[in-house]
Amino acid sequence: EETSDTSESSGGAFNPLTGEINWDCPCLGGMAHGPCGPEFRAAFSCFVYSEEEPKGIECVDKFKGMQDCFRRHPEDYGDGECFERSENLFSGAARTFFKKKFGEN
């Protein structure tokens, strides 16, 4: 199922109005594909759909699994740059989610 139109209109990989994730969004930096794609998608999905406080607390194991996979594949994910990019992405997703869901104050 293609989600690019709705995701692009929301300005990111996740559209809170439809609940869809666009895995092909350039904003994901290609991390959803490649040898660690499944681990990244599991961690990102868990985080995006998390209703726990703090957001994503139940996703720590998935996030660690993704980071372990990045370490096993430095030729695909760089030496540390994907860790920083994924952490920024997860924080950005949290900000976007809360802005869309609860509005800006």
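Okay, let's start with a term: a nonpolar core is a set of buried Ala, Val, Leu, Ile, Met, Phe, Trp, Tyr and Cys residues joined through side-chain atoms within 4.5 Å. Buried here means under 20% relative accessible area, using a 1.4 Å probe and protein chains only, with exposed being over 50% and partly exposed in between.

Before I go on, this is a predicted model, where local features need pLDDT of at least 70, side-chain atom pairs count only at pLDDT 80 or more, and totals for chains, interfaces and linings use all residues. Residues are numbered from 1 along each chain as its sequence is written, and side-chain values use heavy atoms, with hydrogens and water left out.

So, the overall layout. The protein chain has 5 helices and 2 strands; these are DSSP runs, helices being H or I with at least four residues and strands E with at least two, numbered from the N terminus. Along the sequence the pattern reads α-β-β-α-α-α-α. Of the 105 residues, 40% count as buried.

Now, which residues have the most contacts inside the largest nonpolar core? They are Leu28, Phe40, Phe44, Met66 and Phe70, in a core of 17 residues. The elements giving two or more residues to this core are H2 and H3.

Let's look at that pair. Helix H2, residues 37-49, packs with helix H3, residues 60-72, at an angle of about 155 degrees, and their axes are 8 Å apart. That makes H2 roughly antiparallel to H3, a label for angles over 145 degrees. The axes are lines fitted to C-alpha atoms over the stretch in contact, and angles run from 0 to 180 degrees between N-to-C directions.

Who touches whom? From H2 we get Glu39, Phe40, Ala42, Ala43 and Cys46, and from H3 Lys62, Phe63, Gly65, Met66, Cys69, Phe70 and Arg72; contact means heavy atoms within 4.5 Å. By class, that contact has 8 nonpolar, 1 polar and 3 charged residues. Ala, Val, Leu, Ile, Met, Phe, Trp, Tyr, Cys and Pro count as nonpolar, Asp, Glu, Lys and Arg as charged, and the others, Gly among them, as polar.

Met66 is worth a click. This residue lies in helix H3 and counts as buried because its relative accessibility is 0%. Its C-alpha atom is 8.9 Å from that of Arg41, 25 residues apart along the chain.

Last stop, Phe14, in strand E1, residues 14-15. Phe14 is buried too, with a relative accessible area of 11%.

Conventions
Angles under 35 degrees count as roughly parallel, over 145 as roughly antiparallel, 65 to 115 as roughly perpendicular and the rest as oblique.
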